[in-house]
Amino acid sequence: MYSWFNHCAFVEHLTGGSAGRFCGILTAIIKSAFAFILAPEFVACCAAESVNPRVNLPKATDRFIYRLIFFYICGVLVIGVIVASNDPRLMNAIANGDSGAAASPFVIGIQNAGIKVLNHIVNACILTSAYSCGNSFIYAGSRTLHSMAIAGQVPKVFGYTNKYGIPYYSVALTSAVALISYLNVSSSSSQVFTWLSNISTVSGFISWILVSVTYLRYRKAIDYHGMTDRVPYRPPLQVIGSWGSIIFFSLISLVNGYAVFFSWIEKSVSGDHHLKLMLLLV
């Protein structure tokens, strides 16, 4: 709890006062979205290739929520407790442009605690997580491309599969796109990679808006035709959650690049008026 009591859990960002703390929270939400915004739909992507999807998909969906709470929310809570936002190791890693384990708050927290072996274990976990993440996105991207080929939205060649049902052309193209990640190796081209990451994040926001709208229309059609009893899985808060997703992701999409306005705002507005103007832009 040292970092919370001595450095404040809400750090000012871009400006001071309450507006700065609000900007810090907003920036944290936007930055963290890249980690999970394009992950929940993987459950649906696996439906066509899963065994007994009517039974297994509801189980996977329910378990995903608990995993999200444990790995993301609990993980962030632990990091916020053991590593201060102005930790010298963290600041040096950011200033030097370090990536991966060198800039990992988990590794920094372990080093600060003086545990010699655990940081290497965390490094191994980071590598396996990166591999798992890449594998998941290649799977989702190739299957999406395959579905688009079947629907006639992209060339038919991407709909071809081998005897095991693997869309090898789609997998090859998706894997080739992954080579863009090597832009991050060079400091001069890493900015381009950052732009692509931001575009991917905003695309995820927009996709979830469209997913929510699609579900609401689907639910309306189901209720209109009296086919509610044919829906095998209906978790609570589906309709309310969809409306909440539309509102939340619409707001986040609008303010995603709000920081670019601060260089102009500071010339004419000062203090807590930053927050008022930003809310007006929303």
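Q: Where does Asn52 sit?

A: Asn52 is in the loop between α3 and α4. Its phi is positive, about 50°, although Asn52 is not a glycine.

Q: Before I go on, what kind of model is this?

A: This is a predicted model, where local features need pLDDT of at least 70, side-chain atom pairs count only at pLDDT 80 or more, and totals for chains, interfaces and linings use all residues. Residues are numbered from 1 along each chain as its sequence is written, and side-chain values use heavy atoms, with hydrogens and water left out.

Q: OK, how many helices and strands are there?

A: The protein chain has twelve helices and zero strands. Both come from DSSP runs numbered from the N terminus: helices are H or I with at least four residues, strands are E with at least two.

Q: And how much of the chain is buried?

A: Of its 282 residues, 24% count as buried. As for contacts (heavy atoms within 4.5 Å), take those with a separation of 6 or more: residues 24 or more positions apart account for 56% of them.

Q: Tell me about α7. How far does it reach?

A: Helix α7 covers residues 118-150. It has 33 residues and goes 48 Å from its first C-alpha to its last, close to the 48 Å expected at 1.5 Å a residue. That expected span is 1.5 Å times one less than the number of residues.

Q: Which residues of α7 are buried, and what covers them?

A: The buried ones are Asn119, Val122, Ala140, Ser142, Arg143, Leu145 and Ala149. Their cover includes α3 (42-45), α6 (105-113) and α8 (168-177). Just after α7, Gly152 has a positive phi of about 80°.

Q: What about α4, how does its reach compare with the expected span?

A: Helix α4 (residues 53-82) has 30 residues and reaches 41 Å from first C-alpha to last, close to the expected 44 Å. Pro58, Gly75, Ile79 and Val81 are buried there.

Q: Switching topic: what lines the second largest pocket?

A: The lining is Cys45, Ala48, Glu49, Arg143, Thr144, His146, Ser147, Thr161, Gly165 and Pro167. Helix α7 gives the most to that lining, with four residues.

Q: What counts as a pocket, and how much space is in this one?

A: On a 1 Å grid over the protein atoms alone, a pocket is an open set of points where a 1.4 Å probe fits, with protein on both sides within 12 Å along at least five of seven lines; lining residues have an atom within 4 Å of a point. The second largest pocket holds about 160 Å³. Grid points are joined across faces, edges and corners, and the volume is the space filled by probe spheres set on the points.

Q: Is Ile247 buried or exposed?

A: Ile247 counts as exposed because its relative accessibility is 51%. Ile247 is in helix α10 (residues 238-254). Ile247 and Ile209 are 38 residues apart in sequence, and their C-alpha atoms are 8.3 Å apart in space.

Q: Last one, where is Ala103?

A: Ala103 is in the loop between α5 (88-95) and α6. With a relative accessible area of 22%, Ala103 is partly exposed. Ala103 and Ala93 are ten residues apart in sequence and 5.3 Å apart in space, C-alpha to C-alpha.

How values were computed:
Buried means under 20% relative accessible area, exposed over 50%, partly exposed in between (1.4 Å probe, protein chains only). Contact means heavy atoms within 4.5 Å.
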